[in-house]
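This briefing reviews a structure by topic, from its nonpolar cores to its contacts and strands. Please consult the sequence and the coordinates alongside the points that follow.

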Amino acid sequence: MDLNYSPEQQAFEKEVREFTRANLDPNVARKVLEGSRLEREDYLGWHRALHKKGWVGVGWPKQFGGTGWNSTQQHIFDEVTADEGAPQLIPFGLRMVSPVIMAFGNKEQQDYHLPKILSGENWWCQGYSEPGSGSDLASLKCKAEREGDFYIVNGQKTWTTLGQYADWIFCLVRTSSEGRQQEGISFLLIDMKTPGITVRPIIMLDQEHEVNEVWFDNVKVPVSNRVGEENKGWTYAKFLLGHERTGIAGVGRCKRIVKRLQNVAKQAKSNGRPLIEDVRFRDKLAQVEIDLRALEITLLRVLAAEAEKRAPGPEASLLKIKGSEIQQTLTELTMMAAGPAALPYVREGEHGAPDVPWLSDEAFRFASGHYFNFRKTTIYGGSNEIQRNIITQMVLGL
Amino acid sequence: MDFNLSDEQNALKDSLAKFIDRDYTFDDRWKIIKTAEGWSRKHWNQLAEIGLMALPVAEADGGLGGTGVDTMLVMEEVGRGLIVEPYLGCVVVPAALIKAAGSGSQRAALSEGLASGETLYAFAHTEPGQRYERNAVAFAAAAKGDGYVLNGKKVSVLGGDAADQLLVSATVSGDAGPSLFVVPAGASGVKRFAYPMQDAQRGADIEFANVEVGADALVGERGKAAAAIDYALDVACAALCAEAVGAMAELHKITVEYLKTRKQFGRVIGMNQALQHRAVDMLMHVEMSRSMAMEAAVACDNPNAAARAKAISAAKTLISQGCHFVGQNAVQLHGGIGVTHELNTSHYFKRLTMISVTFGDADWHLGRYGDALLAAA
């Protein structure tokens with residue numbers, strides 16, 4: 001057992017860092033490090049740079065054009081790129097629908113979709129939640145009725161993250177109302193340009209447009225766009241959620257935020273002294289760092305175990321709970337470090353002079369906005385209470 | 001980065017696990033803790049046969065040269081089996097002290113009895129009113145002729161009841177730092193007050209009144225023992241972390257079993273979501289603790305003392321918190337039966353609680369970690 005990086009892993013770390021420094025747009029890195037909103041092109045520029053290098057399929061096997069990296073390499077990549085200010089790789093295509101297409105899709109689907117996900121040509125979004133089906137996802141009602149070689153889809157999806165940028169959506173739809181509700185769900189891949197699809201923004205509490213409603217009005221979807229068997233979609237959906245939860249822990253991003261918080265705590269003054277000298281604040285910072293290190297090692301343990309079993313197990317739920325809690329704590333601490341600078345509402349996109357002249361520290365500009373925004377983390381991807389239900393059943397056997 | 005164990009490590013873990021399952025059941029343990037000594041020489045010898053006493057002793061000193069990870073594997077089982085024989089106090093800590101403080105020939109001489117399990121050492125360090133501070137040693141040693149005279153009191157000495165030899169920290173008047181002396185427990189002027197501790201382990205408070213020792217009683221260099229003491233207590237903390245993980249995981253398992261069998265309102269209590277989620281939160285503490293026990297074990301062999309201290313304090317903070325959470329909730333989920341002496345639940349709870357306050361509690365280690373943050377700022 002050894003928790004240190006081997007010389008080969010250290011060399012890999014160096015290679016990733018050098019590549020990132022040479023290929024990441026400094027303007028994008030600045031936006032990421034200060035926490036500004038990113039545009040579609042900011043994400044895609046980095047995506048294309050990685051694709052050119054052959055590094056975009058981080059967790060993918062080589063046969064599909066992936067890196068074939070082991071779990072430690074993937075972790076190093078995540079950590080180093082996050083540290084350098086690279087935007088998060090949007091997970092919906094790369095980490096969520098792709099593993100499903102690889103495992104359950106047919107050859108045509110694999111040949112058509114996977115290269116376009118790798119190249120960044122197609123941006124994907126997720127059609128899971130509905131207004132009446134949040135935690136109780138299997139109760140979903142968005143209906144797909146068979147008409148010859150097509151499904152006619154009617155209904156609504158919601159909380160569709162960055163759906164305003166998406167070219168394709170993967171959807172859970174109801175194809176049967178017989179038997180258990182889990183047994184009437186199918187998994188469809190839908191082109192967002194299909195007539196009858198409407199995307200409407202939902203403005204969140206930080207006044208940002210990050211998520212959407214997606215409406216389907218008699219949308220014609222070829223049956224060939226169904227992944228796997230009809231009415232077996234729930235199996236694929238759960239497989240996907242497992243993949244979502246491992247990535248959702250966000251360890252790399254958390255480490256970046258900790259670093260920023262350490263800097264903030266050195267620079268900000270409290271009662272005339274650096275904030276880091278305030279033992280109440282320092283204890284909180286120390287505690288979250290310790291929790292994050294425990295999460296990181298736990299993540300590496302889960303990834304190493306997964307490498308042998310392939311699909312993520314229910315342990316992924318544990319990572320989701322802990323990771324989301326830590327992310328929230330970090331945004332809370334950053335806001336507290338900001339002190340009165342947390343008060344102004346600073347609109348995104350106003351780089352340069354902020355609304356409030358005395359608000360000079362870039363690190364604080366979005367502090368409270370992030371705090372509000374990050375309340376989502378314990379709710380999305382299956383709320384933390386649902387994760388506890390999953391662990392109860394799958395791990396504890398209660 | 002590698003989470004695999006070697007064949008030797010797996011074999012070690014297996015043989016200790018077999019010993020516990022066969023010879024160290026909860027009933028066996030009951031009989032042992034009710035004896036006058038409170039621990040069993042027979043079981044101690046069995047542990048020595050498995051190689052546990054030689055494990056942490058350096059190869060050059062006649063031991064097996066085990067790593068921090070080896071000790072972690074042993075201590076996890078010690079925790080699972082709630083072993084009361086003083087392995088931590090009389091083997092792990094003295095081995096670390098002798099390795100770090102001793103000079104060449106002295107190390108081998110002191111290690112011989114330690115590695116065979118025939119000589120029990122204990123580290124007499126904590127002083128009345130001292131809490132957890134490591135290097136403020138008020139205990140006095142005065143130079144006299146070629147040797148020294150020791151005067152003072154040491155408290156909460158783990159294994160101090162049974163030890164044949166005491167490793168005593170003391171400050172020689174005029175010195176800037178502490179020294180380490182080895183003193184026979186039976187030396188004239190040494191008075192022991194032995195007692196059982198809350199968790200059925202044994203310890204002692206020890207008074208030294210004009211205890212005269214020779215120059216050869218000094219372990220290592222005079223006034224230079226601070227780093228060795230710091231190292232040995234870090235190793236002790238890492239071992240406690242691993243012991244806690246073994247005990248926590250077992251207590252969690254016992255609690256989940258209870259939730260599956262205990263019935264109220266006509267159904268098993270594990271059907272209640274309030275209890276289910278508590279059991280999940282306990283599991284999260286166990287798994288996060290397991291990760292940090294690994295971190296601490298690996299850190300034991302880190303030659304960079306500052307990095308070692310930071311990692312081990314991180315682990316002891318998180319695991320001390322986990323000891324409280326898992327222990328308290330195991331008792332709560334058991335209900336009334338959880339607060340009885342009869343069931344193993346309370347025994348695990350008490351051991352976990354005592355681990356949390358041994359060699360630094362969560363707050364003390366959080367402060368030490370914070371000091372490292374401040375030093376880096």
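Which residues touch the most other members of the largest nonpolar core? They are B:Phe181, B:Ala238 and B:Cys241, in a core of 166 residues. The model is predicted: local features need pLDDT of at least 70, side-chain atom pairs count only at pLDDT 80 or more, and totals for chains, interfaces and linings use all residues. Residues are numbered from 1 along each chain as its sequence is written, while chains are lettered from A and ligands numbered from 1 in the order in which they are written.

**Nonpolar cores**

- A nonpolar core is a set of buried Ala, Val, Leu, Ile, Met, Phe, Trp, Tyr and Cys residues joined through C-beta atoms within 7 Å; buried means that 20 or more other C-beta atoms lie within 10 Å of the residue's own, with C-beta atoms placed from the backbone.
- Beyond its neighbours within four places in sequence, B:Ala238 is in contact (C-beta atoms, placed from the backbone, within 7 Å) with residues including B:Gly68, B:Cys300 and B:Ile312.

**Contact between chains A and B**

- The contact takes 33 residues from chain A and 32 residues from chain B.
- On the side of chain A, H9(A) provides the largest share, 14 residues; the elements that give two or more residues are helix H9 (279-309), helix H10 (315-338) and helix H12 (384-396) of chain A.
- By class, this side of chain A has 18 nonpolar, 5 polar and 10 charged residues; Ala, Val, Leu, Ile, Met, Phe, Trp, Tyr, Cys and Pro count as nonpolar, Asp, Glu, Lys and Arg as charged, and the others, Gly among them, as polar.

**Strands of chain B**

- Strand E1 (residues 121-124) is covered on both faces, with B:Tyr121 and B:Phe123 buried on one side and B:Ala122 and B:Ala124 buried on the other.
- E1(B) runs parallel to strand E4 (residues 165-172), to which 4 bridges join it; strands pair if DSSP finds at least two bridges between them.
- The bridge partner of B:Phe123 in E4(B) is B:Leu167.
- Strands E6 (residues 190-196) and E7 (residues 202-213) of chain B run antiparallel and are joined by 7 bridges.
- Their hairpin has 5 residues between the strands, and B:Ala200 takes a positive phi near 80 degrees.

Notes:
Contact = placed C-beta atoms within 7 Å. Buried ≥ 20, exposed ≤ 12 C-beta atoms within 10 Å, placed from the backbone.
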